[in-house]
Every structure is written in C-alpha cells, then in structure tokens.
Amino acid sequence: MTIMNKNTHTPPISASTPLFATDYNVYINHTDAGGIVYHANHLVFFENCRRDWFTKLGLNGYFLQTDDGEIQHFVVSQADLQYKKAILLDEVINVRIDKVELKPASIVFYQSIHRSMPTVDANDDTQANAAVSNSNHSNNTLLSSTKIVIACVQNQITPASISDSGSDATANHSAPMRPIRVPQKLRETIEQALIQHANN
C-alpha cells in the first residue's frame, strides 16, 4: 500500500524550529556495500522518528484499541522522497518532523534528515570556535526530505476470527482493513502538540 515517488516535488523545508527532532546512529545494517545508507532505509529513519514522536505524546505507537476491542492503526499511503546527499556509515543524523497536517482520515508528515554536529566541549575554545564557524553549513546540511501520508484504517478481521472460522474467514473478507476517520483522542493529542509548538 506504499507508493514511493522520487520525482514528485516536495515542498521546501521551513527554517523554523522542527516540531520534533531526534538523533540516530547509522549502523552497518543501514548501509549498502559502499557504506552509504540504502535509499529505502531513509524511510526507516523517518518511520522511527514518527514513532518516537508518538511515544513522546503518550501514544502507543500506531496501534489503538477501541472500547469494542477493534484495532485501529495506520498504513503509509504515499511517500514522496527527495535525496540530497549521501548518509554514511557511523554518522549521527538528526531526523525531524518539520510540519504535520491533519486530514479527516489521514495525517500528512513533512520530514527531513540533516547531518548532526558532534558534541562540543564548552571548555575547548579551539573546538568550540571551529564548530561555530562550521555550524552554518554542517549542522544544516539537508540529506533528504519527504512528504509522507499515513491513512487511518481499522482491521476487519482478527487472528482469532481466522482461526475460529478456518480458511472461509479469509475468503469472506477480501478487504481486511477499511479506512476510517482519525480517532478523536489521537486528533486532539496531535492538535494540542501543534498548538504548544506554535506558542513556543
């Protein structure tokens, strides 16, 4: 259900403070034989960032359970990526959520990956001055950016219902998920986070 289109234009990333940002280390399993992060793994870092933001907001990942026991979650319905510069083995990258748009049945994320500056010892004047002189270009080096749309869906069948009904359960449910509106609790939590960010 994922559509990746590297040719679609992604809106420019705002220079304002991101909604959420976190650092990740680049390990060997993220890279190809040349020590460059495999292009599909940009999506992995973007996904991890969204999950970490949801966790910070007190949300249980992407899986929500209704009072009736129904499972609601998200699927990526669109991913438009622009690759700017290579991400290399053993780098520390800063992955950001720059903007979020709430739709009736989906959430649109504008995200970006930047090269992270090394930690500077404030007592080391030489290192501190070098970091300051390089900060305008090193810390703001855009490595990739994306617009990702995640759609809210609800499971139509559960593993228990399949085991109880046998193979007929699968045959009778050609569409095991159906689109639904973004749950109210989730919407309110994200709206509150957006308001707090705007007021900072």
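This is a working chat about the structure shown above.

Trainee: What kind of model is this, and how are its residues numbered?

Mentor: The model is predicted, and residues are numbered from 1 along each chain as its sequence is written. Local features need pLDDT of at least 70 and side-chain atom pairs count only at pLDDT 80 or more, while totals for chains, interfaces and linings use all residues, and side-chain values use heavy atoms, with hydrogens and water left out.

Trainee: What is the mean pLDDT of the protein?

Mentor: The mean is 80, and 71% of the residues reach 70 or more; pLDDT is the predictor's confidence in each residue, from 0 to 100.

Trainee: Where does it stay under 50?

Mentor: Residues 1-14 are one such stretch, and the model gives them 29 contacts beyond four places in sequence, a contact being heavy atoms within 4.5 Å. Residues 127-138 also have pLDDT below 50, with 11 contacts beyond near neighbours in sequence.

Trainee: How many helices and strands are there?

Mentor: The protein has five helices and seven strands, which run β-α-β-β-β-β-α-β-α-α-β-α from the N terminus on. Both are DSSP runs numbered from the N terminus, helices being H or I with at least four residues and strands being E with at least two.

Trainee: Which strands does E6 pair with?

Mentor: Strand E6 pairs with E3 (residues 71-83) in the antiparallel sense over 11 bridges, and with E5 (residues 106-115), again antiparallel, over nine bridges. Three bridges also join E6 to E7 (residues 177-179), and these two run antiparallel. Two strands count as paired if DSSP finds at least two bridges between them.

Trainee: Which residues are bridge partners there?

Mentor: Gln78 has Val149 in E6 as its bridge partner, Ser106 stands opposite Ala151 in E6, and Asn155 is partnered by Met177 in E7.

Trainee: Why is E6 largely enclosed?

Mentor: Strand E6 (residues 142-155) is largely enclosed by the rest of the structure because 11 of its 14 residues are buried. Buried means under 20% relative accessible area, exposed means over 50%, and partly exposed lies in between, using a 1.4 Å probe and protein chains only.

Trainee: Switching topic, which residues have the most contacts inside the largest nonpolar core?

Mentor: Those are Trp53, Ile93 and Ile107, in a core of 32 residues. A nonpolar core is a set of buried Ala, Val, Leu, Ile, Met, Phe, Trp, Tyr and Cys residues joined through side-chain atoms within 4.5 Å. The largest share of this core, five residues, comes from H1.

Trainee: And what does Ile107 touch?

Mentor: Leaving aside neighbours within four places in sequence, Ile107 is in contact with residues including Phe74, Val100, Ile148, Val149, Leu186 and Ile190.

Trainee: What do the buried residues of H1 pack against?

Mentor: The buried residues of H1 pack against E1, E3, E4, E5, E6 and H5, and among them are Phe45, Phe46, Cys49, Trp53 and Phe54. H1 has 16 residues and reaches 23 Å from its first C-alpha to its last, close to the expected 22 Å, a span taken as 1.5 Å times one less than the number of residues. H1 is followed by Gly58, whose phi is positive, near 85°.

Trainee: How many disulfides does a search of the whole structure find?

Mentor: The search finds zero, where a disulfide is a pair of cysteine sulfur atoms within 2.5 Å.

Trainee: Is Cys152 buried or exposed?

Mentor: Cys152 is buried, with a relative accessible area of 1%, and Cys49 also counts as buried, at 0% relative accessibility.
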